[in-house]
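Here are a few exercises to work through with the model open on your screen. Try each one before you read its solution.

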Amino acid sequence: MAFQRLLPLVVLLCLLVAPPSSAVPSLHPVVLVPGNTCSQLDARLTDEYEPPPASGCGVPRQRRGWFRLWENFTALQEDPSLFRCYVDQLRLVYDPRAGDCRNVPGVKTRVVAFGTTRSFGSDDPARKNVCMEALVEALERVGYREGENLFGAPYDFRHAPAAPGLASRAFSDWSSSLRLLVERASQRNGNKPVVLVTHSLGGLFATVFLDRTPLRWRRRYVKHLVMLCLGVGGSPLNMWPLASKALAANPTSLQASVLTYGNRSFASMFSLLPSPRVYGRTPLVITRDRNYSADDMAEYLLAAGFSEDEVARYRRTALPVMLNLRAPLVPMTAINGIGVPTVDQLVFWDGNFSGKPRLVNGDGDGQINLETVLALQRLVRADPDQPYFRSILIPNTTHKGMISDESALKRVIGEILGASSS
């Protein structure tokens with residue numbers, strides 16, 4: 001266990017002592033933090049693992065040693081029934097004694113290739129360019145090189161930052177590894193501070209990380225934060241995957257398990273919900289009998305089948321993080337897409353959360369609402385200690401398109417280079 005926790009640091013140290021080569025020396029190093037589900041996870045099963053009845057999961061069907069748990073499209077093509085095994089092994093369970101979420105007993109996991117961008121890709125053609133592959137390629141075309149001045153900070157997307165003073169071992173371990181990565185990347189590049197570039201959920205992880213590091217460290221090691229596709233208020237869209245307990249128990253695929261219904265077990269599920277600070281009493285879920293707003297989130301979760309203990313955990317661990325997000329106090333550029341229909345409200349008129357809701361759309365990038373982007377602008381600009389802030393809105397750009405469409409990528413690369421040279 002101790003070696004498993006140290007493994008990312010061992011890989012990182014090996015990576016950062018490699019000899020320099022063709023990277024453009026004038027560029028500041030870049031550390032990429034990917035979006036939700038864009039970090040690969042390996043798993044290993046022990047004798048403690050108890051698979052679901054009649055599933056055939058576990059050893060010997062699944063080999064001993066480490067195997068790719070997420071995302072393993074190739075293995076699922078060879079044996080589609082494996083998705084039931086992966087669904088069970090991706091689950092988290094809450095440990096009340098530790099006050100933290102952990103893997104199912106008998107399942108060990110690790111994030112693949114921390115310090116590099118190698119785990120950002122996918123072997124699933126349907127998910128091509130969902131993550132940062134095209135951004136990595138674009139950065140390489142302007143002089144960035146993997147392991148020299150270009151690095152990656154993947155994370156276990158099932159976990160999330162918890163309120164200060166509460167346990168989130170996965171986030172704490174990632175924060176320690178990221179801090180070392182940033183320091184070593186700076187040292188490797190003539191002590192230049194780094195440019196942090198995030199996408200989607202990675203922006204939340206990076207923002208909380210920065211807020212919990214000393215200001216002197218931030219000002220020394222972080223030249224600029226370039227945050228793509230994130231506001232500060234969550235999204236009503238994320239209330240839909242949590243609506244049906246019945247559908248969560250019977251996912252139709254691994255993607256459905258992780259990207260929709262299965263994330264009810266993930267600690268990060270609560271971090272993506274609409275914030276009362278932004279949405280307040282605005283109706284977000286509408287039924288014949290009553291409406292639910294961000295202020296009513298506890299009641300909504302209960303109606304969706306969550307237990308009293310789970311709702312209490314939302315109030316205790318995730319809600320304080322949402323309510324206390326702050327400006328990073330390092331130079332920052334936020335880039336978001338607009339002009340794309342984006343869910344503002346879900347209508348379950350008959351109150352059946354297992355059905356498909358009618359969607360009421362507003363503006364945004366298809367996932368992130370314009371309202372949360374405007375809330376981010378107000379939050380950062382209101383802090384007198386924020387040294388620099390710029391918000392860029394790119395018309396007709398989707399959440400995925402920000403890191404895959406040629407025109408959006410050109411703008412993003414231009415901002416990264418500008419941050420590096422300013």
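**Exercise 1.** Which residue in S3 is the bridge partner of Asp-42?

Solution. Keep in mind that you're looking at a predicted model. Start at Asp-42 and look across to S3: the bridge partner there is Arg-68. Now zoom out to the strands: S2 (residues 41-45) and S3 pair over three bridges, in the antiparallel sense.

**Exercise 2.** Work out the strand order of the open sheet and find its edges.

Solution. Step one: the sheet has three strands, in the order S3-S2-S6, with antiparallel pairing. Step two: S3 (67-70) and S6 (107-111) each have a single partner strand, so one side of each has no neighbour in the sheet, and these two are the edges. Ignoring direction, neighbouring strands are turned by 40° against each other on average. Last, see what sits on the sheet: helix H3 (residues 82-90) packs there and touches S2, S3 and S6. The direction of H3 makes about 75° with that of S3.

**Exercise 3.** Describe how H5 packs with H6.

Solution. You need an angle and a distance between the axes to describe two packed helices. For H5 (residues 169-188) and H6 (residues 201-211), the angle is about 75° and the axes are 11 Å apart. An angle of 65 to 115 degrees counts as roughly perpendicular, so that's the label for H5 and H6. Next, list who makes the contact: H5 brings Phe-171, Trp-174, Ser-175, Leu-178 and Arg-179, while H6 brings Phe-205, Ala-206, Val-208 and Phe-209. Finally, sort them by class: seven are nonpolar, one is polar and one is charged.

Note on methods:
Residues numbered from 1 in each chain as written. Predicted model: local features only at pLDDT ≥ 70, side-chain atom pairs only at ≥ 80, totals over all residues. Heavy atoms only, no water. Axes fitted to C-alpha atoms, helices over the stretch in contact; angles between N-to-C directions. Helix = DSSP H or I, 4+ residues; strand = E, 2+ residues; numbered from the N terminus. Parallel < 35°, antiparallel > 145°, perpendicular 65-115°, else oblique. Contact = heavy atoms within 4.5 Å. Nonpolar A, V, L, I, M, F, W, Y, C, P; charged D, E, K, R; others polar. Pairing = 2+ DSSP bridges.
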